[in-house]
Amino acid sequence: MTGAAAPLGVYIHWPYCARICPYCDFNVVRDRGRSAAGEALVEAIAADLTAQAALMRASNAEGFELVSIYLGGGTPSLMHPAHVRRLVDLVRSLWSASGQVEVTLEANPADADPSSFEAFASAGINRLSLGVQSFDDEALRFLKRDHDAAQAARALDLALAAFPRVSLDLIYALPDQTPHGWRRSLQAAAGLGATHVSAYQLTLEPGTPFARAARRGTLARIDADLGAEFYDVTVDTLSDAGFEPYEVSNFARGERARSRHNLVYWRGESYVGAGPGAHGRLLLEGRRTATEAERSIGAYMTRVGRQGTGWGRQEPMAAADALEERILMGLRISDGVELADIARLGRTGALAPLVQDGWLTADAGRVRTTRAGRLLLDSVTGALLA
Ligand SMILES: C[S@@+](CC[C@H](N)C(=O)[O-])C[C@H]1O[C@@H](n2cnc3c(N)ncnc32)[C@H](O)[C@@H]1O
Ligand code: SF4
């Protein structure tokens, strides 16, 4: 590679959770005390990262520059801080960085504790993503979370004291929630000092207890119009509180508060994925390559032992597929995508009617989704890329 170094993110998946939430379809298992003693998995992740760095170096990767490390899950706040330090230090030694590296840890409010937050901060975490989900006790009971609203607020206070940047995850459009009640929750959340909010509409993921309950008729589904009303309330309330909707579900107070890590995904940049089930997108032998680690913890560790990386799948992407993925992801963010990319894919003809109908704008060489288009993003991108 020549020219400026390309940004690189590193995602590390920690699969353990104290309890499994009834709406969640992430790659997770019950912790049963295994996280704290998770040395073997930490060392497998370390070996996987080291093997991926060696492959990148052998292939092309002198020109990459680390911009973000993200420990997600699962519940990485169950990890021992020494294990977090081990992985953060290792990643920093494997890839060089010239600027500040964003280092995020996902945390559950039930794990909030001044001494562990301090230990995570001194292990190198400079951004905490706190899964509060709601500041309303009824909503938290419905979601079967193991914290209440008071614990959520306390966790946020502790996080703000320990980390320079804090993000909140919230879930909305619950069956008994009203747009008015959601607005009040958002106003409360916005007043508490976080500079970043991820607000997700509740999705009934196939195979989860919530999806089964919806099929049985014991959990009400939100219709599309009400979903749109909730979304409008989200964007209006957070915008009024000074948050910019820089992605469909993500809101930041100022550009520096944006998630650099998620921008790696949305901009189609490169990322390493390590840990059970983690996905990556790497430049190997000059081709963008999709990687996917073995999902089960045992299979992952075995694979790392035999192969070096934990990859169960490793597939060079066709140039058109890589471009299509970049457009799909890029239309999620307010920066949008380059018009030239759409032309390269031969889809300029599909653009004009979508612009005419008010779903997209095309201006100064960039294509962006309008607010109305964001609500129908899947249909809009479907029509554009079909
Ligand atoms: C990987 S999860 C984990 C974070 C952390 N373990 C927690 O639960 O707080 C990241 C976020 O995805 C969101 N999420 C997970 N399942 C969801 C669903 N079915 N619908 C909407 N949001 C969901 C939640 O807001 C959650 O905080
Ligand atoms: S929502 Fe978070 S805590 Fe709940 S099962 Fe999923 S990853 Fe674990």
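**Ligand shells and overall fold**

Author: Ligand 2 is surrounded by Cys17, Ile20, Cys21, Cys24, Phe26, Val28, Gly73, Gly74, Thr75, Asn108 and Gly131. A residue is near a molecule if its C-beta atom, placed from the backbone, lies within 6 Å of it.

Reader: Where does the model come from, and how are things numbered?
Author: The model is predicted: local features need pLDDT of at least 70, side-chain atom pairs count only at pLDDT 80 or more, and totals for chains, interfaces and linings use all residues. Residues are numbered from 1 along each chain as its sequence is written, while chains are lettered from A and ligands numbered from 1 in the order in which they are written.

Reader: How many charged residues in the shell around ligand 2?
Author: None; the shell has six nonpolar and five polar residues. Ala, Val, Leu, Ile, Met, Phe, Trp, Tyr, Cys and Pro count as nonpolar, Asp, Glu, Lys and Arg as charged, and the others, Gly among them, as polar.

Reader: And ligand 1, which residues come nearest?
Author: Tyr23, Gly131, Asp169, Tyr200 and Thr203, out of 16 around ligand 1. By class, that shell has six nonpolar, seven polar and three charged residues.

Reader: Which strands supply at least two residues each there?
Author: β4 (64-73), β6 (127-133) and β7 (165-172). Strands are DSSP runs (E, at least two residues), helices are H or I runs of at least four, and both are numbered from the N terminus.

Reader: How many helices and strands in the chain?
Author: 15 helices and 17 strands.

Reader: What box do the C-alpha atoms fill?
Author: Roughly 55 × 55 × 40 Å, along the principal axes.
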